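Have a look at the fold first, then read on.

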Amino acid sequence: MELKDIVKLDLKCSKIEAEEELIDLGISKATMDILAYCNLVEIPKGLINTVANLAVDIISKKVNCDNSSDNLKSIQEGDTTLTFKDSIENKDIKDYYNILNNFRRADF
């Protein structure tokens with residue numbers, strides 16, 4: 001099964017609707033983040049599901065971003081000030097460190 005098919009099926013099971021462009025973006029970002037963290041040139045077969053899971057996490061955060069106030073840190077009413085939390089996108093990969101460390105190569 002192809003990576004994109006795995007992501008689409010996982011999104012469908014999670015009842016998350018996303019456009020093709022967003023799915024492609026999530027897969028691309030997950031792939032690039034994992035390649036950079038592991039110092040690899042291509043994704044090994046053993047990491048396909050991890051890439052798919054990270055892509056689904058990225059996509060679902062982007063889809064739900066408009067529907068929730070999770071990123072809101074504070075609100076001030078006088079002269080209307082909204083403060084948002086730092087981007088949590090880069091923290092997603094930390095959830096996968098235990099798996100990724102098995103594939104990580106030292107880069108000297």
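A word on terms before anything else: helices (H or I, at least four residues) and strands (E, at least two) are DSSP runs, numbered from the N terminus. What you're looking at is a predicted model, where local features need pLDDT of at least 70, side-chain atom pairs count only at pLDDT 80 or more, and totals for chains, interfaces and linings use all residues. Residues are numbered from 1 along each chain as its sequence is written, and side-chain values use heavy atoms, with hydrogens and water left out.

**The overall layout**

The protein chain has 4 helices and 2 strands, and they run in the order α-α-α-β-β-α along the sequence. Of its 108 residues, 28% are buried; buried here means under 20% relative accessible area, exposed means over 50%, and partly exposed is in between (1.4 Å probe, protein chains only). The accessible surface is about 7,800 Å², and carbon and sulfur atoms hold 48% of that. Those areas come from the Shrake-Rupley method with a 1.4 Å probe, and for residues only the protein chains shown count as cover.

Contact means heavy atoms within 4.5 Å. Take the contacts with a separation of 6 or more: 62% of them join residues 24 or more positions apart.

**The core**

A nonpolar core is a set of buried Ala, Val, Leu, Ile, Met, Phe, Trp, Tyr and Cys residues joined through side-chain atoms within 4.5 Å. The largest one in this chain has 24 residues, and V7, L11, I34, L54 and L100 have the most contacts inside it. The elements giving two or more residues to this core are α1 (3-13), α2 (20-38) and α3 (48-65).

Zoom in on L11: setting aside residues up to four places away in sequence, L11 touches I16, A18, I23, V56 and I59.

Apart from neighbours within four places in sequence, T31 is in contact with L3, I43 and V51.

**Salt bridges**

Side chains of opposite charge can pair when their charged atoms come close. The rule used here asks for a side-chain nitrogen of Lys or Arg within 4 Å of a carboxyl oxygen of Asp or Glu, and the count comes to 4 salt bridges.

Which residues are linked in a network of salt bridges? They are K4, K8, E20 and D24. E20 is partly exposed at 35% relative accessible area, and K4 is partly exposed at 26%. K8 lies in helix α1 and E20 in helix α2, so their pair ties together parts that are 12 residues apart in sequence. K8 is partly exposed as well, at 32%.

K29 and D33 both lie in helix α2, 4 residues apart, which is about one turn of the helix. D33 is partly exposed, with 22% relative accessibility.
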